[in-house]
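Open your viewer and get ready to select residues by number. We will go stop by stop.

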Amino acid sequence: MELLSGAEMVVRALKDEGVEYIYGYPGGSLLHVYDALFQQEDVQHILVRHEQAATHMADAYARATGKAGVALVTSGPGATNAVTGIATAFMDSIPMVVITGQVMSHLIGEDAFQETDMLGISRPIVKHNFSVQRPEDIPAIVRKAFHIAESGRPGPVVIDLPKDMTTPTERYPYEFPKHVKMRSYSPITRGHSGQIKKATDMLLAAKRPVLYTGGGVIMGDASAELTELAKLLNFPVTNTLMGLGGYPGTDRQFIGMLGMHGSYEANMAMHHADLILAVGARFDDRVTNACDKFCPTAKIVHIDIDPASISKTIQADIPIVGPAKVVLEEMVQLVKSSKKQPDQDALSTWWQQIDEWRQRHGGRYRTDDSALMKPQQVIEMLSQVTGGNAFVTSDVGQHQMFAAQYYKFNKPNRWINSGGLGTMGFGLPAAMGVKMNFPDDDVVCVTGEGSIQMNIQELSTCKQYDLPVKVLCLNNQSLGMVRQWQDMNYESRHSQSYMQSLPDFVKLVEAYGHVGMKVEKYSDLEGAMREAFALKDRLVFMDIAVDPFEHVYPMQVPRGSMRDMWLTKTERT
């Protein structure tokens, strides 16, 4: 049996797990591991400029591929810098393994140099965490970490690694487990057939149904099954922010995103539905608005891999615990074999009503004769220039909502954004993580002048590793969503929401060795954007001046029902 040091075991176990890239930043507690990385070529390490970026790169890799991403950070400030990225992944149920260095085991609890209690700090924001107590346990711990991260409801796992567990001169037998068996952890692999049969019967009897689907469809690889079920039944489909692309965005049966900034037709359809099939969605507050006013006439069928998510905020009439893909497959077969079919007359009336709602709003926005570009125009142009096929990452704010509303995602795993935590600074490193693994695809980060500055140092990483992502900065010279809330709720008292003394982004980007463009007129937008995407081997940063006074609509009225929305600054349902 091969004898390896603990540091060598870490690297070999990652290789045996099939890991190609890890994203990280070195420090004293991990130098043995970094030396082991140096002496092999199978696992490539990507040197970021800030540990938060390492976790976002790993996170985006997972969102785009469905496999766990890996980050490697040192103890103390390195580990705490990674906390935001770990929490981002946790809130969106993204599989990730983060290895954090730790001081020597005999110093733990002594307030040693660069010591933090990473187990305690991370406990509320991980699916599980490990502390390595014996070097010979490292292969099994790594194998378990990936198993936990990727199975059931996915999530991040932290491995805390004391430096003395990786000493180069101490060697132990290496054996990577082929199988994982954990007595206290056994994720459900199929749904209850009786419940699925009840739910299918209810679907076939519905007169005003809606399929409401979330990120669980994306991460559960269930988009094909969802599409087949929707087509069989001719039911309308709405996606959450995390579920965009789970059903083709250009298909007639897609009625848009729902929720706080959801489409008029999606929110109205949800409110008036008599049956809602929720798949891989958790009824979060950005969807439901006031829970006591949520969809008052609807029966709820809820499919989720996590039993804790079912009936957590909205009571389910038929709960089904199981993987979305397997449950939807069974539903499809039941619908195909059933003698009963949906009431076509009732569905025709329902579709007529939905089309009336769609015609009333349909994503409209106002343009005028001024020289100010609308952010909606920029996203529509992006969708046109890329043919709707790009990987689109975003930061958080108005630009994120505009991207979700106006870019039509026809494929899953193409919309990469921080939904649950709302992490500014996510977009650029996320685009990098995607581009590294999909070098032949267009990868674009939609950001704002506020968000981009939180991790703009990663332009240096892009140069080192030749990552020619495209960055679209919708520059409204303010924290747009903050300013919008101040307009609506604080009589336009813009407290600390305007960004002053902004850099010349073109010069700054050029200083990092990339291409910068400034676009101030809509008439110049298409040409500049096509030029940017034609530069396949260069990172291009487009600083695009947009109307600083534009709001994101529709917008739900706080504490109202789903049908209570602002449609413009002066128009309310």
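Select Asp 442. With 26% relative accessibility, Asp 442 is partly exposed; that class lies between buried, under 20% relative accessible area, and exposed, over 50%, using a 1.4 Å probe and protein chains only. This is a predicted model, where local features need pLDDT of at least 70 and side-chain atom pairs count only at pLDDT 80 or more, while totals for chains, interfaces and linings use all residues. Residues are numbered from 1 along each chain as its sequence is written, and side-chain values use heavy atoms, leaving out hydrogens and water.

Lys 536 forms a salt bridge with Asp 442, with 3.3 Å between the closest N and O atoms. A salt bridge here is a side-chain nitrogen of Lys or Arg within 4 Å of a carboxyl oxygen of Asp or Glu. The two residues are 94 apart in the chain: Lys 536 sits in the loop between helix H21 (525–534) and strand E20 (540–545), Asp 442 in the loop between H17 and strand E17 (443–447). Helices (H or I, at least four residues) and strands (E, at least two) are DSSP runs, numbered from the N terminus. Lys 536 is exposed, at 53%.

Next, select Lys 470, in strand E18 (residues 470–475). What does a buried lysine without a salt bridge have as its nearest side chain of opposite charge? For Lys 470 it is Asp 442, 6.1 Å away. Lys and Arg count as positive, Asp and Glu as negative; His and the chain ends are not counted. The side chain of Lys 470 reaches the backbone oxygen of Leu 535 at 2.9 Å. The backbone oxygen of Arg 538 also lies 2.9 Å from a polar atom of that side chain.

Show the sheet around E18. Six strands form an open sheet in the order E16-E15-E17-E18-E20-E19, and the pairing is parallel. Two strands pair if DSSP finds at least two bridges between them. At the edges are E16 (415–416) and E19 (515–519), each pairing on one side only. Zoom in on Val 392: its bridge partner in E16 is Trp 415.

Move to helix H19 (residues 480–489), where Arg 483 and Asp 487 are four residues apart, about one helical turn. Arg 483 forms a salt bridge with Asp 487, the closest N and O atoms being 3.8 Å apart. Arg 483 is buried at 0%, whereas Asp 487 is partly exposed at 21%.

Last stop: the other open sheet, E3-E2-E4-E5-E7-E6, with six strands and parallel pairing. Find Phe 130, which stands opposite Ile 159 in E7.

Terms used: Polar contact = N/O pair within 3.5 Å; in protein donor to acceptor, adjacent residues only side chain to side chain.
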